[in-house]
Amino acid sequence: MAGQQYPFSKSRYFPHKRMRSADFIQDQEYIEGKLAFFSRLDFGKGTALGLEAQRIDADSLLVSPGFAVDGHGRWLIVDEPAICRLRAIPGFDALRGETALLWLTYCEELTDAMFVPGERDEVREYASARERFSFCLTDMRPLPPPPGDPVLFSDVILFEDGDLRIRQVIPKVLPAGGLVQLRLVVESFCPEPLEIHLAYAPRLPGFLSEDGQPLSLEQTLRLCQGETTLVLTGRLSAAAQAVLLSLPEHGFLLEKRGTRLPARCEVQEELQVTPDPLRTLRDRLLSQGPQELWADEPEEGVPIAGLRLLRYGDQVLLRDTFPLSGGCRAELPRLEARLRHCQGFFPKSQTAAQPPQKAPEPPEPAVSGGRRLMNTGVVTLNTGLHLQEGHILCSDEIVHELGPGTVFVEFGVENIYPAPGTQRNYTDLLLGDASLFAQASGTYDCGFDQGVRVHPEKGTFELAVRPKGELRQSALRLRWFAWRTGEDAGPGVQAGTLLRLEPDVAHIAPGGMIDFVPVFAQGTGMPCDFMVPDKQSGTITPNGIYTAPKKEGLYQICAQIRDMPETRVNAFAIVRAPAGEAADAAGAL
């Protein structure tokens, strides 16, 4: 459907009418057009339910099931989780910046092929068209406002770069003698917290703050990824029919990472003043016809998430995903009505509105675009010269980085020994009683009792080891694994699914070593094969221990469930000498 056609036209039936294919097509367009008109009028455009994008690894992401309405009123239903490879999404090759938009678009899948007579020969046609969806990517850009907003609000972008965007929003009709809010909407695209200092003093003649001073704001903010709203409240102190809103030369100043940045546009707009601004705004909105209300709908799809990219030479990696502003969501009137009905079940003291000075900041984004399900690490325990039988070694409290709550911890003793005939090392991980293995690779000749104490409130744990005989090693190297059960990587992802390698992007010195660990859904693991695409990318052992090449660059590491190539996941190693060593090498040259 190309778009709404006004006026709507439908087939007219009468006795002995000869039906043509055009008549049936007209009936379909009439029904689809009426449904699309209702959807746009009642829901608007955007994501209505679900469709949350979550980073899996540096090359893929997961989109949860959900429902959206596009600018033509068509319904986009994602019925099962969709795993998308970044490089396979249309539009990836055209990306130029470090932030991007992920779009959900409407498409049709033609099915039930048949041959029908043509002008010269039979031609293939399809009897059914299944409504489907697809994804595409574009560079980050301002999105068109919801229908009706240009009539109701003055919305101006004061500043925008790769880290954040700051917009000034105020109603186009102001109350005579009443309070009105002027809002600054700050959108942060950074995955890490960003600290800024903002000074803002618009010029709005006759409007004073509640304490009788001209409207101004100066504040230091620590922004998490997402949207933060700052509010200035004022009242018109003089009689007027209109006021001129402007921003003087020094009325906006942003300080970010030690750099002072001015506003990037000029603001000057006349705003009407009336005793009843809501009635005036309502009349303005209802005076719009459908063609005027939905005239600016150039986008064919629905934006569902923002992507943060990491560029290294010609390579592009997925660093993080972040949600878009609330203006990109569609409304569901029936569900909203049920939520309002629930408010009657709670005391007013618990449903009171928050102070309008600042909207709640979104929580700091979790690791890998969502709550981590698994983590691993190494701790070394010093044993002295000889540790007698029955003595207990305990570690300090270790932070597992999975957050508060119950986690499960397993650990074993790592035994590192040289590989015969090479300069590399092998690693055995001894879980349980090492004495059950013949000589345990020639190192440990006694078993161990092992214990773990987890502190759910603090998100930490402790490890304890008691040898069953005399221990001749001066130190024990313990490899621990912490995971959650009963949780999944995303809706519909079954246990045992290979999700990613941890870490999925590693910074390493030339010739250095790092251990890549496969991460599975619900902690259910399977044997994996590790590999590197070419000989110049370094080497990796069957256990996942990677040795970087001597040459700096970006290298790929692959893993798959044994004999299942379709399960392959990728990780990347950025090989770069430390700054001090690089400077020494340059001086030597």
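Residues are numbered from 1 along each chain as its sequence is written. Because the model is predicted, local features need pLDDT of at least 70 and side-chain atom pairs count only at pLDDT 80 or more, while totals for chains, interfaces and linings use all residues; side-chain values use heavy atoms, without hydrogens and water.

**Stop 1: the sheet**

Select β9, β10, β12, β16 and β14. They form an open sheet of 5 strands in the order β9-β10-β12-β16-β14, with antiparallel pairing. Strands here are DSSP runs of E, at least two residues; helices are runs of H or I, at least four; both are numbered from the N terminus. Two strands pair if DSSP finds at least two bridges between them. The edges are β9 (153–160) and β14 (207–209), each pairing on one side only.

Now zoom in on β10 (residues 164–171) and β12 (residues 179–188). They run antiparallel and are joined by 6 bridges. Pick Ile166: its bridge partner in β12 is Val186.

**Stop 2: charges**

A salt bridge is a side-chain nitrogen of Lys or Arg within 4 Å of a carboxyl oxygen of Asp or Glu. The count comes to 18 salt bridges. Select Asp155, Glu160, Arg165, Arg167 and Glu187, which are linked in a network of salt bridges.

Next, select Arg257 and Asp163. Their side chains meet in a salt bridge at 2.5 Å, N to O. Arg257 sits in the loop between β18 (252–256) and β19 (259–262), and Asp163 in the loop between β9 and β10, so the pair ties together parts 94 residues apart in sequence. Arg257 is exposed at 56% relative accessible area; Asp163 is buried at 10%. Buried means under 20%, exposed over 50%, partly exposed in between (1.4 Å probe, protein chains only).

Move to Arg479 and Asp515, a salt bridge at 3.3 Å, N to O. Arg479 is in strand β30 (residues 475–483) and Asp515 in strand β33 (residues 513–515), 36 residues apart. Arg479 is buried at 9%, and Asp515 is partly exposed at 22%.

**Stop 3: Ser64**

Select Ser64, in the loop between β3 (60–63) and β4 (66–69). Is Ser64 buried or exposed? At 10% relative accessibility, Ser64 counts as buried. Its side chain reaches the backbone nitrogen of Leu51 at 3.4 Å and that of Glu52 at 2.9 Å.

**Stop 4: Leu35**

Finish on Leu35, in helix α1. Leu35 is partly exposed, with a relative accessible area of 41%.

Technical notes:
Polar contact = N/O pair within 3.5 Å; in protein donor to acceptor, adjacent residues only side chain to side chain.
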